[in-house]
Amino acid sequence: MRATVTAHKDYVIAKIDPRLYGSFIEHLGRAVYSGIYEPDHATADEHGFRQDVIELIKDIDVPVTRYPGGNFVSAYNWEDGIGPKEDRPTRLDLAWHTSESNEVGIHEFAEWAEQAGTEMMLAVNLGSRGLDEARAFLEYVNHPGGSYWSDLRKQNGREEPWDVKLWCLGNEMDGPWQIGQKTAAEYGRVAFETAKAMRAFDKNIELVVCGSSSPKMPTYPEWEGTVLDYTYDTIDYISLHMYFDNHEKNTANYLAKACLLDNYIDTVAAVIKTTKAKKRSNHDVYISFDEWNVWYHSNEQDKDLLGGNDGWPHAPALLEDIYDFADTLQVGCILNTFIRHCDVVKIGCLAQLVNVIAPIMTVKGGPAWRQSTYYPYLYASQYGRGTALNLAVQCQGYDTEFASDVSYLDISAVESDKDGALTFFIVNRHPDENIELALSLQGFSDPSLKEQPHQTIIMDKVMAGHALDAKNGPNAEQVAPKDGQGAAIKQQILTASIAPMSYRMIRLG
Ligand code: AHR
């Protein structure tokens, strides 16, 4: 099959906010305990952080990490995680039916974030708690000193404030599973008053209000309209979440599910615009897509634990999806969708980062290893920063249950602001046909330059030829990228044969 694509230097979508490639660490399962933190591990430093995990995270270059939840935050007392570790209480976590030792709290997470080279994105509890705890937490984290909470921070060993910019006003408040679930109007009021108080402390922080937990929620998209009606001018982002599954074992349908994501983003972007017009506001609100991933492989095995039948275990192996090659392609398509919507989606958090529906897994006392989905995330984060281009794509499509004419070719393009390289992220969704790609580059040549840009392929990585259910494990990395072959660039046309069911990244210098 043939496909033609045109990239023009001036057909720009927007500049990508690097935080589009963020992630998430929740006090859930083994994300924290025996994930990022395992004091007895051979690679642990004096703070108890596994350095093998830090290295894998640093390679991705995760710009921002959301913490401490997730559902966990909605019944969490942040004060339980400060002060001497031996004095910290063990609590029952109602979200995941586990015990929380509070060995890791804000001081430890901040230390870890610094080591991992990632900015903190903190969530406040608007489920079981409210405005007062939120403002106290903000003061503890961001105030230099001379007040009750900031002086307590100093007493607990941290002199300088952490100066966290990004704050989430609760988590998934539309969900019946959430401790302290609210109606849109109840949440809108609480979120507005909390935002007002937090802004009274610091008007430069960025605030994220909860949108829908999924486009399947019965309250979507009225939820967004109501919440924004209450909060529009006091917040900066509305959060969306979405998880993907292939329960029906239909790969063609599965790989087209990014179309649902397209629609979700477009709809909420329209609600944002409508609210802005209704309010005659000059303020802009963007989307923080702060939970997304494939999540379904572990559903069955988690059933008993989540039902609470096994008591209140500490750090049980929950949500440990082991991803396959089909999921790798899916993650590639999702990332492409975010790049193509980078004018409205400014923040993205792959949920989550370690062990819990994660690209990085650990064996307690053993190695850390990369899931196959690690790679599309790594490439997007490393090479997808800059300006996204609006490509004209012509390729045959196929019909699914929920979308028609879904292009077999899924592609996005980013021109780097750093070195000018032009990177294409490509997925071929076809089960057995190659796509013969002819990609025309227009408007890039510059007569004033001796050497014209984008004449050389500087990197070509491909993930192809694997069974769709092929997976990685602690001892074998079966699904990993290789160098791509056969791509060429001649007279401003990039040609490449894109293998069936493959992920490919081609960079032009
Ligand atoms: O990421 C796992 C869970 O999914 C989060 O705790 C919650 O916010 C969402 O439902």
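User: What makes a residue pair a polar contact, and how many does the rule find across the interface of domain 1 and domain 2?
Analyst: The rule finds 14 residue pairs there, both residues at pLDDT 80 or more. A polar contact is a pair of N or O atoms within 3.5 Å. Within protein, one atom must be able to donate a hydrogen and the other to accept it, and residues adjacent in sequence count only if both atoms are side-chain atoms. This is a predicted model: local features need pLDDT of at least 70, side-chain atom pairs count only at pLDDT 80 or more, and totals for chains, interfaces and linings use all residues. Residues are numbered from 1 along each chain as its sequence is written, and side-chain values use heavy atoms, leaving out hydrogens and water.

User: Which strand gives the most to the side of domain 1 that touches domain 2?
Analyst: β19, with five residues. Strands are DSSP runs of E, at least two residues, and helices are runs of H or I, at least four, numbered from the N terminus.

User: What are the two domains?
Analyst: Domain 1 covers 2–9 + 388–508, and domain 2 covers 17–383. These bounds come from an automatic or database domain assignment.

User: How do you know how much area the domains bury between them?
Analyst: Buried area is the accessible area (1.4 Å probe) that two parts lose on being put together, summed over both. Here the value is about 3100 Å², 68% of it on carbon and sulfur atoms. Phe-402, Leu-468 and Tyr-503 supply 18% of the area that domain 1 buries, more than any other three residues.

User: Why is the pair of Arg-340 and Asp-410 called a salt bridge?
Analyst: The term needs a side-chain nitrogen of Lys or Arg within 4 Å of a carboxyl oxygen of Asp or Glu. The closest N and O atoms of Arg-340 and Asp-410 are 3.1 Å apart, so the pair qualifies.

User: What does the salt bridge of Glu-320 and Arg-30 tie together?
Analyst: The closest N and O atoms of this pair are 2.7 Å apart. Glu-320 lies in the loop between α9 and α10, and Arg-30 in the loop between β3 and α1, so the bridge joins parts 290 residues apart in sequence.

User: What makes a residue count as near the ligand, and how many surround it?
Analyst: One of its heavy atoms must lie within 4 Å. 13 residues surround the ligand, with Asn-71 and Glu-291 among the closest. A polar side-chain atom of Glu-291 lies 2.7 Å from a ligand oxygen. For Asn-71, a polar backbone atom is 2.9 Å from a ligand oxygen.
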